[in-house]
Amino acid sequence: MNYKLYKKKKTKTQFLSKNINGGVLMDFKHVNKSEKRVDVYEKVTGKAKYGADMKFQDMLHAKVLYTEYPYAKIKNIDTSKAEKQPGVKAVITAEDIPNNEFGVIIENQQVLAKEKALYIGDGIAVVAAETAKQAKNAVEMIEVEYEELEGIYDPLKSRQEDSQLVHEELEDNEVIHHPLRKGDIKKGFENSDVIIEREYDTPFIEQAYIEPEAVVAVPYQENSTVTVYGSVQNPFATQNAVSTVLQEDLNKVRVVQNHMGGAFGGKDEVISSLAARASVLALKTERPIRIVNTRDESIKESYKRHPYNMKYRIGATKDGKIQAMEIEAVADSGAYACQTPFVTWRSVVQATGPYEVDNVKTDTYGYYTNNVYTGAMRGYGSPPIIFAQESLMDELADELDIDPVELRMKNIYHNNSVTASGQKLDNHEVSLEEVLTKAVDKSNFVEKFKEYQKEQPGDKKRGIGLSISFRGCSLGAEAIDAAGIILSLKKDGSVTLYSGLAENGQGLKTVYSQIAAEELGLETSQVNFMEVDTLISPDSGSTVASRATLIGGNAVKKAADNLIDKIKEYIADKYDQKEEDIVLKDGAIYGKKDVEIMKITEMAAKAAMEGVYLTTYGWYVSPDISWDEETGHGNPYFTYVYGCQVAEVEVDTGTGEIDVLNMTAAHDVGRAINPANVKGQIYGGVLMGLGYGIMEEVETNEGYIENTNFDEYMIPTVKDMPDIEPIIVENPDPNGPYGAKSIGEPTLELGAAAIANAVANATNKRIRSLPLNLEKVIVGKDLTKGGDH
Amino acid sequence: MIEFEALKANTIDEAVNILDDKEKEAKIVAGGTDLLVSIHNENEDLKGLNYLLDISSVKGLDIIEDNEDHLKLGALCTHSEIIDSVLINEKLPILRKAAQTIGSTQIRNRGTVGGNINNSSPAADLITPLIALGATVVLHSSKGKRELPLSEFITGPYENNRKENEILTAVKIPYLPTDYYNNYQKVKRRQAVAIARINLAVLTDIEDNKFKDIRIAFGSATPTAIRFSEIEKELENKHINDIDYDEIKEKTGQEMVDITGERWSTPYKKPVVGNLLKRALQEIIKEVQ
Amino acid sequence: MQKIEVTLTVNKKKHTVTVEPDERLLDTLRDRLNLTGVKEGCSIGECGACTVILDGKAINSCMVYTFQIDGSEVLTVEGLETNGTLDPLQEAFIDHQAVQCGFCTPGMLMSAKALLNENPNPDRDEIKTAIEGNLCRCTGYQQIIEAIESAANQDRSE
């Protein structure tokens, strides 16, 4: 069947974004250009200082003693021998922590284990010594008396009524439950000609930033009680955590972000924990304290992506219209709540996939176990769900004997579609059909899919698969969604920009500088983006959820617009001009009849001398959203992005090896502020999705982590890279700066599902758990865990 | 914590004298790509380590010597040197193929053939072809030197016959007539920098379109890399067009299981060893034709 | 603790350092010589963030004890820029957006530099082999390969 027959006529409404000079779409000077990144020089010369590169006078090195058992009572800690070791200046335990518990949502994460160790990465004590070697040596001298306990390591067990409690002060092991109800599920299934039920599983995943965690806490610098430097993804969350732990006012705790060697969501609570430990030691010793994790410590201690167990039931008419979906997703929260409530919330919003379904019953859950705790990782509750739901769609297509593109075409959202939450998608271009069509055309999907379904000789079999998603931009109903920028035009015409959102490597500095330069008519190189410093940067929440361009970019625009207003006021007053005639462009100020009044640098100097202060503040609050916790009704996100990825693979059915030959990735970003940057995000995200699909898995065994370094936790090398065809789609969003929205997470969340569908096309066998490793391809199930998928 | 004193030897004599003195307390380091990992991981078998003897400067241990009937590879030859060697590419190309799959460029620039053999990993990429080639190792001690077949030197996973006061100084590899066909297969969990899940070295002469002196060695399938003599017998003198691949696959898998018994990995390894051998044979046959 | 005197030429400058037996070249470079451009990512030679050029060969500096390499020559990322002029590789990385978080970048540059020193005209496979031991989590490698290709071409055209 030719899916093109079902292609609806495109009703592309013009959603123009506001821009400078009042609504006229102009050629951009900096925006939408692949300008060079502003922070590259220091990185290619080795001059950039990351957390572990920071050196302070009299700095001490600290090492953590981790628990020996994943779940154990701590009966006694004897640090006396350790304290006497050469070079040791202090040893702390939970007793020394003023307030031992913190957390972004639920404050039950221990800085150091007090009565019990709850997971294998719990810290018991910290030693500070003159050298790292001395600290390590002293750590081995600490004597701990444990009572090993039997832990619980399966959320499907820990959810049961009679299960032992991970947190004894709580009633049960449920961290959260998000329900969503729409329509009448019973009727929906009754109206279905075909109903299928499937179960899918995804594992713990490590963010695997190449830079391990690193912090330095410096006591009594200037007027701060403690200043924390390091690889801090969310400086304000860390500031909050340290303030809570030390029981110090926020204005006494300062966090300064260094260059970061990647985060991908993974440097939030774990960094806060290290920062808190270092801060306590800093105040105890009155010396700077450095804590840098080895890779093994990082993998053991830091939070992971949630493993999910997902049960889907879907009903459709025989011509492929989905009637009902019933979904249950269970996430393993590990020992602490961390971000589980929010991660599983995104899952409940997006669990059906981007499909019109009138009858939906979704329940997402998070449960405590004694496994490593889980939290934010790029995607944040979407990659597991997309793996399940896009695999399911192909399984349904197979059951109905309809091709995968056609089945999706029949069900995907369009403008004015209504989601499972009852939200009408009417304030932006819903471009699912566009990204699907573009990716499918570019990859020659339809023809290849048919071809590969036929019998292929030999062991090496080819397959092609696709996956499609919608993603709510920014935080949605998780938290207040606002960001601020301080923009300062100095008297010599140079500009500093303070942002509360942080450069993790994704190119935020460059994008913000481009936006500021675009608005102010300057060169990008004239803008100096300052590192996030809680002393002055406005608390803009966390750098997560692919929100930096969208929310932060809007704040940059606002700050710039406020500055322009000030300049217009000044010029109009001084130079007999009308404010509406004044334009800033090409480094100068133009007035009536497009005549140049003076250069911006000249104006800046003059203004300074005349007491006009050219520093402004831009605060952007995202549009209203709504969410009913009982029913899952509302408008959970104020806008969405759409993406489609196609993977072509060659499966070696003789050895189980999967060679991902090429991937096509079509993403609607609203507007690409920096197209080369967007491409970089696509390449990087696609490869991370590939790793999720075929090689990555944190292997746990009764709470122990078996693969704690990169020899056994494998991430893709350059030779694993497929040919990647990036397709940037731009449908400017009225809510985004210049129409821009999100790219960071959408590029990762689709890959595994597309590969899984490709493998099924190649082998005619369906694997329902990640990763699609050698054993699963050959034997059909995981061998180490005796899994049954 | 592992603490040690550093010792350096500039000649074999110096080295063996130090080993006589320190025995169990000393470990030898050259390229370091295995040892430094063990030290970082604080491996159990490093208990009692008090000295690290660096032999990376010992003269004469990095030779690639062309003798009449064999190649002598000094223990300090790095994998990169093996790959770059014109002589090896000409006379023993399977070694080059195997060396290319080891680690990364950085690791190959430091890792040595001596280290690979001494580590005695069941998955070692050089050991499998060396077993197929019938290589012998040369060990020096203060008492003199001894030689024994590599297949006898390696006694178990990560275990070998080296005495505490011995240094492996070279490996001798008998030449094959250059018209032997050779094939190296390696199954990996990703495309680079990966340990072999299974590896396979096949060497064979072809006479009248029949396999002659066929050697089949698997690594990472049995506790040590070994030649699968049963399947070799099965294929010896068989016509290349007369092969029942299903039977060969079944018998190969069975030969492995006969040695290892049923293990958790057997459902995977049993079919795959057969598939790999089939692939190697078919690639060789294609070359023949 | 035993102390050993070692002389190294690093970025064309001679240094004599006194090291302990278990001091790795990585530690000597970062902590004694303040060359913090060399990064530690895994400590077991898997990620390549610590790659430097030792006597002409790209190696993982976390896998070498300094006491082993008395008299050797080392080149780190800090030695690429000469007299304020960036190496063509560094320029190419900037031009081709080959840098995101930058943590893998020094190691990546050194592997590429070692490659181009030996083979000024590499094909794509040779480039991939040269950097297969340099893990990157941000970029997906594509723009890095393009940068190295461009630097190689540039050298050729001169």
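Is C:Ser43 buried or exposed? The answer comes in point 1, with a few other things picked out below.

1. C:Ser43 is buried, at a relative accessible area of 6% (buried means under 20%, exposed over 50% and partly exposed in between, with a 1.4 Å probe and protein chains only). You'll find C:Ser43 in the loop between H1 and S3 of chain C (helices are DSSP runs of H or I with at least four residues, strands are runs of E with at least two, and both are numbered from the N terminus). Its phi is positive, near 70 degrees, and C:Ser43 is not a glycine. As background, most residues other than glycine have a negative phi, and most peptide bonds are trans.

2. A word on what you're looking at: this is a predicted model, where local features need pLDDT of at least 70 and side-chain atom pairs count only at pLDDT 80 or more, while totals for chains, interfaces and linings use all residues. Residues are numbered from 1 along each chain as its sequence is written, chains are lettered from A and ligands numbered from 1 in the order in which they are written, and side-chain values use heavy atoms, with hydrogens and water left out.

3. C:Asn83 has a positive phi of about 55 degrees although it isn't a glycine, and its place is the loop between S5 and helix H2 (88–95) of chain C. At 81% relative accessibility, C:Asn83 counts as exposed. C:Asn34, which follows H1(C), has a positive phi too, near 60 degrees.

4. Have a look at H1(C) itself. Six of the eight residues of this helix (residues 25–32) are buried, so the rest of the structure largely encloses it. The buried ones are C:Leu25, C:Leu26, C:Asp27, C:Thr28, C:Leu29 and C:Arg30. Their cover includes strand S14 (289–292) of chain A, along with strands S1 (4–10), S2 (13–19), S3 (51–54), S4 (57–60) and S5 (73–75) of chain C.

5. Over in chain A, the peptide bond from A:Leu770 to A:Pro771 is cis, with omega near -10 degrees. A:Pro771 belongs to the loop between helix H19 (751–763) and helix H20 (774–779) of chain A.

6. Next, a helix pair in chain A: H14 (residues 508–520) and H15 (residues 548–575) pack at about 30 degrees with their axes 9 Å apart (axes are lines fitted to C-alpha atoms, for helices over the stretch in contact, and angles run from 0 to 180 degrees between N-to-C directions). H14(A) and H15(A) are therefore roughly parallel (angles under 35 degrees count as roughly parallel, over 145 as roughly antiparallel, 65 to 115 as roughly perpendicular and the rest as oblique). Residues making the contact include A:Leu508, A:Val511 and A:Ile515 of H14(A), and A:Gly552, A:Gly553 and A:Val556 of H15(A) (contact means heavy atoms within 4.5 Å).

7. The other pair to check is H11 (residues 404–411) and H12 (residues 432–443) of chain A, packed at about 165 degrees with axes 11 Å apart. H11(A) and H12(A) are therefore roughly antiparallel. The contact comes from A:Val405, A:Arg408 and A:Met409 of H11(A) and A:Glu433, A:Leu436, A:Thr437 and A:Val440 of H12(A).

8. On to charges: the whole structure has 82 salt bridges over all chains (a salt bridge is a side-chain nitrogen of Lys or Arg within 4 Å of a carboxyl oxygen of Asp or Glu). One of them joins A:Arg313 and A:Glu197 at 3.0 Å, N to O. That pair links strand S15 (residues 308–316) to strand S10 (residues 194–202) of chain A, with A:Arg313 and A:Glu197 116 residues apart. A:Arg313 is partly exposed at 25%, while A:Glu197 is exposed at 56%. Both belong to a salt-bridge network that also takes in A:Arg181, A:Glu326, A:Lys361 and A:Asp363.

9. A:Arg254 meets A:Glu222 at 3.5 Å, N to O; A:Arg254 is buried at 12% relative accessible area, whereas A:Glu222 is exposed at 66%. In chain B, B:Glu250 meets B:Lys270 at 3.8 Å, N to O, tying helix H11 (residues 245–260) to helix H12 (residues 266–288) of chain B. B:Glu250 is partly exposed at 45%, and B:Lys270 is partly exposed at 25%.
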